[in-house]
Amino acid sequence: MSLSHPHPIDSPAVLAWYDRHARDLPWRVSPQDRRDGVRPDPYRVWLSEVMLQQTTVAAVKAYFLRFTSLWPTVANLAAAPLDAVLREWAGLGYYARARNLHACAQAVVGDHGGVFPDTAAGLQTLPGIGAYTSAAIAAICFDERVAVLDGNLDRVLARYYALDVPVREAKDELRGALQLAVPVRAGDFAQAMMDLGATICAPRAAMCLVCPLHDGCEARAEGEPTRYPIKPVKAERPVRRGHAFVMRDASGDVYLQSRPAKGLLAGMTEVPTSDWTAEPGEPDFPVTAAWQRHGEVVHIFTHFRLELEVWSAVVPPDGLVNGWWSSPDALAGEALPTLFRKVLNLAGLDQA
């Protein structure tokens, strides 16, 4: 279908619905508070938007509260050691976000006097802030009349227009249709549309009878709204394989090391591993010891599936110079990504 002349989105109806049903989120200023003159804090909005990339609201809330407790302002975050930020980020995944988060905080403080730019164009000059995040911050914090199109809105609009191609093939057209609807209350409108996608027009259910866009929705008129959005054909995810080596000394401490500063899981903490390759190979143990096999950990990355055989041994501490020894009680505070927490769990190390 063509969206060259899309029928309009009823923004007044969306805002009226939002005024009654807005979600209570720790980074959000309610519609009533906005009417009373309370302005959203760009630091909190930015932090939440970065955390919410590829992550759910339910998962993010605890991390957000922890971050803002440790670092209440962008200046506090900029002054924090990167290792501390990575450690607190562990579990949220996509760790490049944490490194960009820290770099962005330092740029806001160092280049902008601690004040976030107030336009989408200005925000995109900061590290790690792309088109979506810049639009979200500019709309929510400064009411810039710019379309904010995230995954939830992709779904809402694909249903509203009964889009008969995958969203990625009509992204510009959807953004253009949304842009035409952005009202003066741009920030509330952006958050209202996000809430619609999260609570009413959800991935597996569409509560059309209570949706403010009910009358204009073409998928609702067809009677099968969850048929949309049309799914693109997925390429098969390749598999990589390797071995992970959990080494403990006689006192029970665990040997850890940092991953390289660039690349996948850059700067995070790990146990030593072999290379991750397409073909399985025999383990090349880092030291001679009585190694015990514990089984296999499977972890799904964006572009590949990783299968790691997990081995453990008690080893002498001599000769291991690139890392450090951590007591089992300290593992919860290490910057271990989910993959390596799985590895340690399989080897019998509880990090709770």
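Trainee: How many bridges join strand β4 to strand β5, and do these strands run parallel or antiparallel?

Mentor: Helices (H or I, at least four residues) and strands (E, at least two) are DSSP runs numbered from the N terminus, and two strands pair if DSSP finds at least two bridges between them. Here β4 (residues 292-300) and β5 (residues 305-314) run antiparallel and are joined by 8 bridges; they form a hairpin with 4 residues between them, and Leu306 in β5 is the bridge partner of His299. Bear in mind that this is a predicted model, in which local features need pLDDT of at least 70 and side-chain atom pairs count only at pLDDT 80 or more, while totals for chains, interfaces and linings use all residues. Residues are numbered from 1 along each chain as its sequence is written, and side-chain values use heavy atoms, with hydrogens and water left out.

Trainee: Which residues of helix α6 are buried, and what covers them?

Mentor: Buried means under 20% relative accessible area, exposed means over 50%, and partly exposed lies in between (1.4 Å probe, protein chains only). In α6 (residues 82-89), the buried residues are Ala84, Val85, Leu86, Glu88 and Trp89, and their cover includes α3 (42-52), α4 (57-70), α5 (74-79) and α7 (96-112). After α6 comes Gly91, with a positive phi near 110°.

Trainee: Which residues other than glycine have a positive phi, and where is the cis peptide bond?

Mentor: Most residues other than glycine have a negative phi, and most peptide bonds are trans. Another is Ala162, with phi near 45°, in the loop between α10 and α11 (171-181). The cis peptide bond joins Tyr228 and Pro229, with omega about -5°, and Pro229 is found in the loop between α13 and β1 (239-248).

Trainee: Are Asp143 and Ala162 buried or partly exposed?

Mentor: Asp143 counts as partly exposed because its relative accessible area is 22%, whereas Ala162 is buried, with a relative accessible area of 7%.

Trainee: Which residues form the nonpolar patch on the surface?

Mentor: Met207, Leu209 and Val210 form this patch, with about 340 Å² of accessible area together. Met207 lies in the loop between α12 (186-200) and α13 (218-222), and it counts as partly exposed because its relative accessibility is 43%. A patch is made of residues with over 30% relative accessible area and no salt bridge, where like charges are joined within 9 Å and nonpolar side chains (Val, Leu, Ile, Met, Phe, Trp, Tyr) within 5 Å; a salt bridge is a side-chain nitrogen of Lys or Arg within 4 Å of a carboxyl oxygen of Asp or Glu.

Notes:
Areas by Shrake-Rupley, 256 points an atom, 1.4 Å probe, with all protein chains shown as cover. Contact = heavy atoms within 4.5 Å.
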